[in-house]
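Here is a friendly walk through one model, written for someone who likes cut-offs stated alongside the values. Please have the sequence and the coordinates open as you read.

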Amino acid sequence: VLDGFEGADTLTGGGGGDVFAYWGNPDSSLDSGGVDNITDFNPGVDKILLGDADGYGYDGTAYTYAGTVAATVADIATHGASDQIYFFHDGADGYVYVQGFGTGNNHSLDGILIRLDGITTPIAAADFVEGVYPGSGDGVVPGTGVDPGTGVDPGTGVDPGTGVDPG
């Protein structure tokens, strides 16, 4: 596990599957003293850990680059959905941006921005260790209809494991 810690760090993993851990906005963001740079992220092998994250959507597509990294982040902050992970690239490097607080216990993940050297194809939801689901960011695990934080189907209000409405 390689920890991003505060400020602009350059992280390089080893030859196997590495986990790059982030616990909050001060670890890597435009407003925290710098963006971390992962030099050798290997999609499908390496992982990004957003500590105690849950309820983030990620659709696996690239957000349109707005000319600069700062302008793209500002565009996402203005027009993007909350509780969503975004990927964009500048033609040379990819960036992962966290928008919103999610539904997990860690409410300091909003605004995390991580640079992935040489990655211009969006990474997959499976490249995150926890709390990130393919789809819309509604906190519902795809294919189950269940919010993992409550165990309840938000459409019916019923816990599918017990058939009981907990409200």
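Strand E8 (residues 94-99) is mostly covered, with six of its six residues buried; buried means under 20% relative accessible area, exposed over 50%, and partly exposed in between (1.4 Å probe, protein chains only). Strands here, like helices, are DSSP runs numbered from the N terminus (helices H or I, at least four residues; strands E, at least two). In a regular strand the side chains alternate between the two faces of the sheet. Both faces of E8 are covered: Gly94, Val96 and Val98 are buried on one side, and Tyr95, Tyr97 and Gln99 are buried on the other.

A word on the source: this is a predicted model, where local features need pLDDT of at least 70 and side-chain atom pairs count only at pLDDT 80 or more, while totals for chains, interfaces and linings use all residues. Residues are numbered from 1 along each chain as its sequence is written, and side-chain values use heavy atoms, with hydrogens and water left out.

Two strands pair if DSSP finds at least two bridges between them.

| Strand pair | Sense | Bridges | Residues standing opposite |
|---|---|---|---|
| E7 and E8 | antiparallel | six | His89 and Gly94 |
| E8 and E9 (residues 113-116) | antiparallel | four | Tyr95 and Arg115 |
| E1 and E3 | parallel | two | Asp3 and Ala21 |

The hairpin of E7 and E8 has four residues between the strands, and Gly91 takes a positive phi near 100° there. Elsewhere, three strands form an open sheet in the order E1-E3-E5, with parallel pairing. Its edge strands are E1 (2-3) and E5, each of which pairs on one side only.

Next come the aromatic rings. A pair of aromatic rings is described by the distance of the centres and the angle of the planes. Rings of Phe, Tyr and Trp (its six-membered ring) pair if their centres lie within 6.5 Å; planes under 30 degrees apart count as stacked, over 60 as edge-to-face and the rest as tilted. A search of the whole structure finds five aromatic pairs. In one of them, the ring centres of Phe20 and Phe41 are 6.2 Å apart and the planes are at 50°, so the pair is tilted. Phe20 lies in strand E3 (residues 19-22) and Phe41 in the loop between strand E4 (36-38) and strand E5 (47-50), so this pair ties together parts that are 21 residues apart in sequence. Both Phe20 and Phe41 are buried. The rings of Phe88 and Tyr95 have centres 5.1 Å apart and planes at 10°, so that pair is stacked. Phe88 and Tyr95 are buried as well, and together with Tyr65 they form one aromatic cluster.

What about Ala81? Ala81 sits in the loop between helix H1 (69-79) and strand E7 (84-89). At 37% relative accessibility, Ala81 counts as partly exposed. Leaving aside neighbours within four places in sequence, Ala81 is in contact (heavy atoms within 4.5 Å) with Tyr86 and Gln99. Ala81 and Gly57 are 24 residues apart in sequence and 9.3 Å apart in space, C-alpha to C-alpha.

Finally, confidence. pLDDT is the predictor's confidence in each residue, from 0 to 100. The protein chain has a mean pLDDT of 82, and 80% of its residues reach 70 or more. Over residues 137-155 the pLDDT is below 50, and this stretch has 39 contacts in the model beyond near neighbours in sequence. Where pLDDT is low, the predicted coordinates should not be read in detail.
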